[in-house]
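Trainee: Hi! I'm new to this one, could you walk me through the structure?
Mentor: Happy to, let's have a look together.

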Amino acid sequence: AERIRNEGGIDEAGRADTEAIKRFEQGAAKDPQRRRLVAMAELGAWKTKEAYWRQLPEPPRDSLKRLVSDYRNFAQTQAQPDLAFYALLRAGELSFKLLRDFPEAQLVYENILARSQSFSVKTRDAYFAFEEISLAQGDVSGAILNLDVLSDVLSKRNRPPAGDPQKHIHF
């Protein structure tokens, strides 16, 4: 489904995602290891919907809001932190960049930071999203404050972070 989605076959990818979810759910009751596969298939189905709506000249706001809600609900019930963080990042990006719903986006990114137990690429992205949201609202001092918070977090680390966000902050 991922390959089909990347090549632009959104309808076909949607059918493949639906079929994968059905097959994985049938086996998940007998094999708990398959629950991750079911969760990945669910995320794939939402990514397909998102890709479809993004290609439209005027994406339907109510459908995008429902997708944000689906991503957030998934993250709340997901035992796999990487999948939960991925879903929250998708919800945050949709809320911020497409819906321009800044309070919703901030709640999503706060959820990422609250759930995070260490600094990672996903927490880095959440910190930078706070800065971008502040800038989008015209709050330059808030953006600077968010970058100061990130700088403080980075200074307390024992090792340099991947991708060196410090360079981004100083740029």
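Mentor: One term to begin with: a nonpolar core is a set of buried Ala, Val, Leu, Ile, Met, Phe, Trp, Tyr and Cys residues joined through side-chain atoms within 4.5 Å. Buried means under 20% relative accessible area, exposed is over 50%, and partly exposed is in between, with a 1.4 Å probe and protein chains only. This is a predicted model, where local features need pLDDT of at least 70, side-chain atom pairs count only at pLDDT 80 or more, and totals for chains, interfaces and linings use all residues. Residues are numbered from 1 along each chain as its sequence is written, and side-chain values use heavy atoms, leaving out hydrogens and water.

Trainee: Okay! Which residues of the largest nonpolar core touch the most other members?
Mentor: They are L43, Y71, F74, Y109 and I112, in a core of 29 residues. Helix 3 (34-55), helix 4 (61-77), helix 5 (81-98), helix 6 (102-115) and helix 7 (121-136) each supply at least two of its residues. Helices here are DSSP runs (H or I, at least four residues), numbered from the N terminus.

Trainee: And which helix gives the most to this core?
Mentor: Helix 5, with 9 residues. Another core, of 6 residues, lies apart from it, with F119, Y127, F128 and L150 among them.

Trainee: Why would such side chains gather like that?
Mentor: In soluble globular proteins, nonpolar side chains tend to be buried together.

Trainee: What is Y71 in contact with?
Mentor: Leaving aside neighbours within four places in sequence, Y71 is in contact (heavy atoms within 4.5 Å) with L43, W46, K47, E50, A87, R90, A91 and L94.

Trainee: E50 is on that list. Is E50 buried or exposed?
Mentor: E50 counts as buried, because its relative accessibility is 4%. E50 also forms a salt bridge with R54, the closest N and O atoms being 3.0 Å apart. That term means a side-chain nitrogen of Lys or Arg within 4 Å of a carboxyl oxygen of Asp or Glu. Both residues lie in helix 3, 4 residues apart, about one turn of the helix.

Trainee: What else does R54 meet in a salt bridge?
Mentor: The side chain of E93, also at 3.0 Å, N to O. R54 is in helix 3 and E93 in helix 5, so this pair ties together parts that are 39 residues apart in sequence. Salt bridges that share partners join E50, R54, R90 and E93 into one network.

Trainee: How many salt bridges does the structure hold?
Mentor: It holds 8. One of them is between the side chains of D82 and R36, at 2.8 Å, N to O. Because D82 lies in helix 5 and R36 in helix 3, the pair ties together parts that are 46 residues apart in sequence. D82 counts as partly exposed at 35% relative accessibility, and R36 is partly exposed at 30%.

Trainee: Switching topic: where is Q78?
Mentor: Q78 sits in the loop between helix 4 and helix 5. Its relative accessibility is 14%, so Q78 counts as buried. Leaving aside neighbours within four places in sequence, Q78 is in contact with A39, L83, A84 and R115.

Trainee: Last one: what about L135?
Mentor: L135 lies in helix 7, and counts as partly exposed because its relative accessibility is 44%.
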